[in-house]
Amino acid sequence: MNKSELVAAVAKHTGESQAAVGRVIDAMFDTIAGAIKSGNKVTIPGYLSVEKGHRKARTGRNPQTGATIQIPAANTVKVSAGSKMKAAVK
């Protein structure tokens, strides 16, 4: 399911317009992104949690040439499924 299909499904389920649902979904993800950017963890109990992670610098290998390369440190996003989400796929 892509974003437009999600918007259409939520709009049908709630009776709201697709434009309104699209704005709410955009605002939700903007808010989550802002929170994790500032280092806060976002938790929706039972469904998911999103937090900022960090990956250390490391040495890697170019698969084509076999040459050793340095992979820089990077910030990442860690998303974990909650119990209700896990139960939904059983």
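Predicted model: local features only at pLDDT ≥ 70, side-chain atom pairs only at ≥ 80, totals over all residues.
Biologist: Where should I start with the strands, and in what order do the three strands of the open sheet come?

Modeller: The open sheet has the order 1-2-5, and its pairing is antiparallel. Strand 1 (42–44) and strand 5 (74–81) each have a single partner strand, so one side of each lacks a neighbour in the sheet. On average, neighbouring strands in this sheet are turned by 25° against each other, with direction ignored.

Biologist: How many bridges join strand 2 to strand 5, and how many join strand 1 to strand 2?

Modeller: Strand 2 and strand 5 are joined by eight bridges and run antiparallel. Between strand 1 and strand 2, also antiparallel, there are three bridges.

Biologist: How many residues lie between strand 1 and strand 2 in their hairpin?

Modeller: Three residues separate the two strands, and Gly-46 in the turn has a positive phi of about 90°. A second hairpin is made by strand 3 and strand 4, with six residues between them. In that turn, Gly-66 has a positive phi of about 80°.

Biologist: In what sense do strand 3 and strand 4 pair?

Modeller: Strand 3 (residues 58–61) pairs with strand 4 (residues 68–71) in the antiparallel sense, over four bridges.

Biologist: Now for single residues. Is Val-42 buried or exposed?

Modeller: Compare the relative accessibility with the cut-off: buried means under 20%. Val-42, in strand 1, has 17% relative accessibility and therefore counts as buried. Beyond four places in sequence, Val-42 touches Ile-32, Ala-35, Ile-36, Leu-48, Ser-49 and Val-50. Sequence separation is a separate matter: Val-42 and Glu-16 are 26 residues apart in sequence and 26 Å apart in space, C-alpha to C-alpha.

Biologist: And what is the relative accessible area of Ser-49?

Modeller: Ser-49 belongs to strand 2. Its relative accessible area is 11%, so Ser-49 is buried. With neighbours within four places left aside, the contacts of Ser-49 are Lys-41, Val-42, Thr-43, Lys-78, Val-79 and Ser-80.

Biologist: How does helix 2 run relative to strand 2?

Modeller: An axis angle and a list of contacted strands give the packing. Helix 2 lies across strand 1, strand 2 and strand 5, and runs at about 40° to strand 2.

Biologist: How much space lies in the largest pocket, and which residues line it?

Modeller: Read the volume together with the lining. The largest pocket holds about 340 Å³ of space. Its lining consists of Leu-6, Ile-25, Met-28, Phe-29, Ile-32, Ile-44, Tyr-47, Leu-48, Val-50 and Met-85. Helix 2 (18–37) and strand 2 (48–55) are the elements that give two or more residues to this lining. Helix 2 gives the most, with four residues.

Biologist: What does the lining of the largest pocket look like by class?

Modeller: Count the classes in turn. The lining has ten nonpolar residues, no polar residues and no charged residues.

How values were computed:
Residues numbered from 1 in each chain as written. Heavy atoms only, no water. Pairing = 2+ DSSP bridges. 1 Å grid on protein atoms, 1.4 Å probe; cavity = no way out; pocket = protein on both sides within 12 Å on 5 of 7 lines; lining within 4 Å. Points joined across faces, edges and corners; volume = space filled by probe spheres on them. Nonpolar A, V, L, I, M, F, W, Y, C, P; charged D, E, K, R; others polar. Axes fitted to C-alpha atoms, helices over the stretch in contact; angles between N-to-C directions. Contact = heavy atoms within 4.5 Å. Buried < 20%, exposed > 50% of the residue type's maximum accessible area, 1.4 Å probe, protein only.
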